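Okay, thanks everyone, I'll keep this short. Have a look at the screen while I bring the model up.

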Amino acid sequence: MFAKKIKAFQAFINAVPKPFKVSKIDPPKLTRKVESIRTDVMIGEYDADFGLDKMEFKLTFEEYDPSLFDDFGACNGKAVKLRIKGSEENEQCELTEHEWFAVGRWKELDQGSIEAGKAGKFNISMMNLTEYTYHVGGVEKVFIDTLRGVERYNGVDRTAARRAAIGMA
């Protein structure tokens, strides 16, 4: 059958709903920080995995929202809590809930061009996400807490043994 589509979503910033305002979200890209190494008897390079690269979350607002400036420039890496709740549907109208949650700081508040009689766009991005969670149908798919060193996918904690080895269990 046809592919499922996200038909609706709503953003919540610091628990405040922003209905009818956000038209686009760009969840973080999950990429590994790697470094090529070649030693001793190796006949080729190998990319050693050094954890995650920085994560960034972007949103596009359909209107200017001055409340977004409230937390801009905050020194706390947990100043902004962003939650996106989405509804995915197939052609048989079967629903699947999606939820993205991120904690970090505003990196950029781009007010774009403002023209009389035309709708404007207000693009924002979060940087240095300290926490990121993604759920599908109520099931945790991704949980990352960069400050505590937790990296979990589909319920499997990939860094539990490392934390235990250094006394952070």
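I'll go from the whole chain to a few single residues.

First, the housekeeping. This is a predicted model, where local features need pLDDT of at least 70, side-chain atom pairs count only at pLDDT 80 or more, and totals for chains, interfaces and linings use all residues. Residues are numbered from 1 along each chain as its sequence is written, and side-chain values use heavy atoms, with hydrogens and water left out.

So, what's the secondary structure? We have twelve strands and one helix; those are DSSP runs, H or I over at least four residues for helices and E over at least two for strands, numbered from the N terminus. In sequence order the pattern reads β-β-β-β-β-β-β-β-β-β-β-β-α. The chain is more spread out than a compact globule, because its radius of gyration is 19 Å, well over the 15 Å that the globule rule gives for 169 residues. That radius is taken over C-alpha atoms, and the rule is 2.2 Å times the number of residues to the power 0.38. The C-alpha trace spans about 65 × 45 × 35 Å along its principal axes.

How much of the chain is buried? Of the 169 residues, 31% are, where buried means under 20% relative accessible area, exposed means over 50%, and partly exposed is in between, with a 1.4 Å probe and protein chains only. As for contacts (heavy atoms within 4.5 Å), take those between residues at least 6 apart in sequence: 57% of them join residues at least 24 apart.

Charges next, counting Lys and Arg as positive and Asp and Glu as negative, without His or the chain ends. Each charge is placed at NZ of Lys, CZ of Arg, CG of Asp or CD of Glu. There are 26 positive and 27 negative ones, and their mean positions sit 1 Å apart.

Now let's zoom in on H98, in strand β8, residues 95-110. H98 counts as buried because its relative accessibility is 8%. Which side chains does H98 pair with through polar contacts? One is E88, at 3.2 Å, and another is Y134, at 2.7 Å. A polar contact here is a pair of N or O atoms within 3.5 Å; within protein, one must be able to donate a hydrogen and the other to accept it, and residues adjacent in sequence count only if both atoms are side-chain atoms. Beyond four places in sequence, the residues in contact with H98 include I6, I84, K85 and V136.

Over to T130, in strand β9, residues 122-136. T130 is buried too, at 7% relative accessibility.

Buried or exposed, L147? Exposed, since its relative accessible area is 59%. Outside its sequence neighbours up to four places away, L147 touches K78 and T130. Its C-alpha is 9.6 Å from that of L129, which is 18 residues away along the chain.

D40, in the loop between β4 (32-37) and β5 (46-52), isn't a glycine but has a positive phi near 35°. D40 is exposed, with a relative accessible area of 79%. N154, also not a glycine, has a positive phi of about 50°. N154 lies in the loop between β11 and β12 (156-157) and counts as exposed at 52%.
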